[in-house]
Amino acid sequence: MVTMKRTLLAELRKSEGSQEDVAKNLDISRQYLSMMELGLRNPTAKLMVKMERHFNIPAEKIFPDLFFEDNCHKMKQKRKTA
């Protein structure tokens, strides 16, 4: 399984303080936040919305690996139909 480290999430969190502090504000465990930063765990839809509001940044930017980019998707489609 290939994971993608979520550097923006880690940077946003660092700008606010420790994993412990931010996790407490989000009402999750420090371990869960750490695993999300490393790309080993994904947030629930409810938590994703909460994080969007907390950091004031769209979920697509915080968790780019969970969303398709139009250009990437179109390129894959063209390759499969050739």
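Colleague: Which helices do the buried residues of helix 3 pack against?
Modeller: Keep in mind that this is a predicted model, where local features need pLDDT of at least 70, side-chain atom pairs count only at pLDDT 80 or more, and totals for chains, interfaces and linings use all residues. Residues are numbered from 1 along each chain as its sequence is written, and side-chain values use heavy atoms, with hydrogens and water left out. Contact means heavy atoms within 4.5 Å. The packing partners of the buried residues in helix 3 are helix 1, helix 2 (19–26) and helix 4.

Colleague: And which residues of helix 3 are buried?
Modeller: Buried means under 20% relative accessible area, exposed over 50% and partly exposed in between, with a 1.4 Å probe and protein chains only. Within helix 3, which covers residues 30–37, the buried ones are Tyr32, Leu33, Ser34, Met36 and Glu37.

Colleague: How many helices does the chain have?
Modeller: Helices (H or I, at least four residues) and strands (E, at least two) are DSSP runs, numbered from the N terminus. Along the sequence the pattern reads α-α-α-α-α-α. With zero strands, the chain's helix count is six.

Colleague: At what angle do the axes of helix 1 and helix 4 cross?
Modeller: Axes are lines fitted to C-alpha atoms, for helices over the stretch in contact, and angles run from 0 to 180 degrees between N-to-C directions. The axes of helix 1 (residues 7–16) and helix 4 (residues 45–55) come within 12 Å. They cross at roughly 55 degrees.

Colleague: Which residues of helix 4 does helix 1 meet?
Modeller: Look at helix 1 to begin with: Leu9, Leu12, Arg13 and Glu16 take part there. On the helix 4 side, their partners are Met51, His54 and Phe55.

Colleague: Where does Arg41 lie?
Modeller: Helix 3 is followed by Gly39, whose phi is positive, near 80 degrees. Arg41 is found in the loop between helix 3 and helix 4.

Colleague: What is Arg41 in contact with, leaving aside neighbours within four places in sequence?
Modeller: Arg41 has 41% relative accessibility, so Arg41 counts as partly exposed. Leaving aside those neighbours within four places, its contacts are Arg6, Tyr32, Met35 and Met36.

Colleague: What share of the chain's residues count as buried?
Modeller: Let's turn to the whole chain. The chain has 82 residues. The share that counts as buried is 30%.
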